[in-house]
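Here's a quick tour for anyone meeting this structure for the first time. Have a look at it below, then work through the notes that follow.

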Amino acid sequence: MTFSLELSEEQTDLRDWVHGFAEDVVRPAAAEWDEREETPWPILEEAAKIGLYGWEFMANAMMGDPTGLTMPVVIEELFWGDAGIGMAIMGSALAAAGIAASGTPEQVMEWVPQCYGDAAHVKLGAFAASEPDAGSDVSAIRTRAVYDEATDEWVLNGTKTWITNGGIADIHVVVAVVDPELKSRGHASFVIPPGTPGLSMGQKFSKLGIRASHTAEVILDDVRIPGSCLLGGKEKLDERLARVREGKKGKAQAAMQTFEATRPAVGAQAIGVARAAYEYSLDYAKERVQFGRPIIKNQSIAFMLADMATEIDAARLLVWRAAWLGKRRGFRNAEGSMAKLKAGRVAVWVTERAIQILGGYGYVKDYPVERWHRDSKIYDIFEGTEQIQQLVISRAISGMRIE
Ligand SMILES: Cc1cc2nc3c(=O)[nH]c(=O)nc-3n(C[C@H](O)[C@H](O)[C@H](O)COP(=O)(O)OP(=O)(O)OC[C@H]3O[C@@H](n4cnc5c(N)ncnc54)[C@H](O)[C@@H]3O)c2cc1C
């Protein structure tokens, strides 16, 4: 199959269906949940009821799509509605991706559905890699997992921070150190089942943007989990650690695998936010009259909008290319990182320009544009900061160890 910008009928139907939900349900609720800064449970329930929030939806959209474009298309529409609510709906996918990246098929079948629940009992998943002293530098992770042979249990201790759905999720996927001497290659991922004693929520963060998405610390205090909760299983872990100790090339560490698989999807979120701001400011510029004519009749405003449209399309093309390559494991020059880097920058720039086009109206909460700008900044930060994407790309294009 060759790369094509032509979406199938199934994909355009899905896009229109998600757009309808974003327009009718998500966008009208955005300001309220931004203000409340809480997980929008009623909207998650509604999304689950129509089949948008659920593991079956994710599995169909990802596995049943040979092009890789379905997910970015769906995500762009949802985040066009609102990035905070969008993240509340998509946050569990981080945990699902973590399980899928390292788990056995049996573990995927057991745990991924529990990250979502069903329409009657909506559940959440969380993926916990970051720590207070280990953000960009995942090799600095200190959360320790020790195997207790007598009981066939793992015992986890540590503090995770900035965790989406942290402490309120039913399933937490935790990246921990199993061999400190091997640094990031001595990591493994674990599933913490619902209600496990010792796992608790620490501080809940009050944020600049995506405020409908819950972000908190997760404290692990002598958390005991069955041996079967080690993703991939003990035998595979022991084999991998032995290979690393012998100096053989091991697989990329667990956390990085998850981030690499999710980067084009994060870029699509950013494009959704940018498109929302661009469309709104385009309409506004046609209507707002100053000096006796609509402000769009000034080249300075019209050209700004022309640049906004161009940048959004450029970012979307990079995201689609990365999603398509990701489907084939065909990355050559860190195209996933390129897509996320570009889309994040475009979202911040476009939403800032949108405020400029609305003038004072862009700066106040009566209009959604200031919220879109607040929301946009996260795309320069999470799932690898702007500088970390540059690092990954520069290493890929040069083949050199850029520090
Ligand atoms: C809202 C939100 C949700 C999140 N959700 C999750 C989640 O669900 N799970 C999870 O595990 N994590 C999550 N994170 C964490 C996120 O991935 C980290 O914030 C991010 O990786 C950056 O780490 P840090 O904040 O510690 O910044 P730091 O790593 O301390 O970086 C600070 C600055 O230094 C720069 N920098 C660092 N190292 C280098 C270098 N080598 N070269 C050049 N510049 C460098 C960075 O680019 C940045 O500008 C979330 C964060 C936020 C804000």
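β2 and β3 make a hairpin with 4 residues between them, and D152 in that turn has a positive phi of about 50°. What you're looking at is a predicted model, where local features need pLDDT of at least 70, side-chain atom pairs count only at pLDDT 80 or more, and totals for chains, interfaces and linings use all residues. Residues are numbered from 1 along each chain as its sequence is written.

**The hairpin**

- Strand β2 covers residues 144–148 and strand β3 covers residues 153–164, and the two pair in the antiparallel sense over 5 bridges.
- Helices (H or I, at least four residues) and strands (E, at least two) are DSSP runs, numbered from the N terminus, and two strands pair if DSSP finds at least two bridges between them.
- To spot one of the bridges, find R144, whose partner in β3 is N157.

**Domains and how they touch**

- The chain splits into domain 1 (9–115), domain 2 (125–245) and domain 3 (254–398), with bounds that come from an automatic or database domain assignment.
- Between the C-alpha centres of domain 1 and domain 3 there are 20 Å.
- Their contact takes 23 residues from domain 1 and 23 residues from domain 3; two residues are in contact if their C-beta atoms, placed from the backbone, lie within 7 Å.
- On the domain 1 side, α1 (9–36), α4 (70–81), α5 (83–90) and α6 (92–102) each supply at least two residues, and α4 gives the most, with 8 residues.
- That side of domain 1 is made up of 14 nonpolar, 6 polar and 3 charged residues. Here Ala, Val, Leu, Ile, Met, Phe, Trp, Tyr, Cys and Pro count as nonpolar, Asp, Glu, Lys and Arg as charged, and the others, Gly among them, as polar.

**Helix α4**

- α4 has 12 residues and reaches 17 Å from its first C-alpha to its last, close to the 16 Å expected at 1.5 Å a residue; the expected span is 1.5 Å times one less than the number of residues.
- This helix is mostly covered, with 12 of its 12 residues buried. A residue is buried if 20 or more other C-beta atoms lie within 10 Å of its own, exposed if 12 or fewer, and partly exposed in between, with C-beta atoms placed from the backbone.

**Around the ligand**

- The ligand has 20 residues around it, the closest being G135, S136, T164, T385 and Q387; a residue is near if its C-beta atom, placed from the backbone, lies within 6 Å.
- Two or more residues of this shell come from each of β1 (125–128), β3 and α13 (386–398).
- Sorted by class, the shell has 11 nonpolar, 7 polar and 2 charged residues.
- Domain 2 and domain 3 each give the shell at least three residues.

**Strand β4**

- All 7 of the 7 residues of β4 (residues 171–177) are buried, so this strand is largely enclosed by the rest of the structure.
- I171, V173, V175 and V177 point one way, while H172, V174 and A176 point the other way.
- β4 pairs with β1 in the parallel sense over 4 bridges, one of them joining A126 to H172.
- β4 also pairs with strand β5 (residues 187–192), in the antiparallel sense over 6 bridges, and A176 has A188 as its bridge partner there.

**Two positive phi angles**

- I210 isn't a glycine, yet has a positive phi of about 35°; this residue sits in the loop between β6 (199–204) and β7 (215–226) and is buried, with 30 other C-beta atoms within 10 Å.
- F291, also not a glycine, has a positive phi of about 55°; F291 lies in the loop between β8 (289–290) and β9 (293–294) and counts as exposed, with 8 C-beta neighbours inside 10 Å.
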